[in-house]
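Dear colleague,

My findings follow directly after it.

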Amino acid sequence: MGNIEDYRQFMKSMFGKVGISDQSRGVSPPPIEAPYDHEAEVVLLPEVSRDVIVRPDLFDCISRRRSRRDWTADPLTIDLVSFLLWATQGVSEVLAGGRATLRTVPSGGARHPFETYVVANSVAGLDPRVYRYLPLTHRLLPLFEMNDQRREDLTLALLGQRFAAHAPVLFVWSCIPYRGEWRYTLAAHKTMLQDAGHMCQNLYLACEAIGAGMCAIGAYDQESLDAFLNLDGNDEFAVYGAPVGHPKER
Ligand SMILES: Cc1cc2nc3c(=O)[nH]c(=O)nc-3n(C[C@H](O)[C@H](O)[C@H](O)COP(=O)(O)O)c2cc1C
């Protein structure tokens, strides 16, 4: 685990200690989207549209932003989920012949190290499943079914935070650390967490804009959440979560 000094060191800039990266050695970059079976059935997401916006004033969205944890029984719609995925990881430009992307959120060196897992408990138009977002084509890759037992496993992985595991939708963001390390070696790790903050703040503001609500989730059991998502815990692991629903308090 290291000691507290190691952790303080981690918070400081490592850009003076990048050394020789795989990029500077001429190694090809890792894929910008985690590989998947291209024969697999995927779900096309509705085209992103500003029609879902109910609060168009940015001032209102910023001033109302709160963490919300209490949901009505109303499902989210697939149009809202589509908008939120675009707002957090949507690709706006593919660069360098497919070697990098620009998205709706910034990322140090445009490394975009995250994958998004969508736990759909109650979304009109989506089977209750866990999906992976495919940002290059704005589609969902179905992974496995959600059921009561899996929701209980997820609640435990989130340290008893039932409101998160049972939310209409829970986003879990994983990190593929090599995407950042390939360019920045040691300096990548702080940068990737800074990236996570930008992404999550976009989700907070996007939720306010569509009349939904969310809560950032940083408290979870690493091994259990990785096991839940079938992540190996080393080359890919969970870093952050966010349940979304229609909030009871407005
Ligand atoms: C990095 C981070 C991790 C958080 N983790 C949790 C969490 O696991 N559970 C929770 O209920 N709230 C969590 N929160 C929400 C904070 O408790 C909340 O932002 C704080 O109390 C301030 O309230 P506000 O967001 O409504 O302004 C987290 C927030 C951040 C930014």
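Leu84 is in contact with Leu203, Ala206 and Val244, leaving aside residues up to four places away in sequence; contact here requires C-beta atoms, placed from the backbone, within 7 Å. The model is predicted: local features need pLDDT of at least 70, side-chain atom pairs count only at pLDDT 80 or more, and totals for chains, interfaces and linings use all residues. Residues are numbered from 1 along each chain as its sequence is written.

Leu84, Leu203 and Val244 are also among the residues touching the most other members of the largest nonpolar core, which has 62 residues. Such a core joins buried Ala, Val, Leu, Ile, Met, Phe, Trp, Tyr and Cys residues through C-beta atoms within 7 Å, buried meaning 20 or more other C-beta atoms within 10 Å of a residue's own. Helix 7 (residues 188-210) contributes the most to this core, with ten residues. Helices are DSSP runs of H or I with at least four residues, and strands are E runs of at least two, numbered from the N terminus.

Seven strands form an open sheet in the order 1-8-7-5-9-11-10, with antiparallel pairing; a pair needs at least two DSSP bridges. Strand 1 (43-44) and strand 10 (213-214) are at the edges with a single partner strand each, so one side of each has no neighbour in the sheet. Strand 9 (residues 169-175) and strand 11 (residues 237-245) run antiparallel and are joined by seven bridges. Leu170 has Pro243 in strand 11 as its bridge partner.

With kind regards

Technical notes. A residue is buried if 20 or more other C-beta atoms lie within 10 Å of its own, exposed if 12 or fewer, and partly exposed in between; C-beta atoms are placed from the backbone. Two residues are in contact if their C-beta atoms, placed from the backbone, lie within 7 Å.
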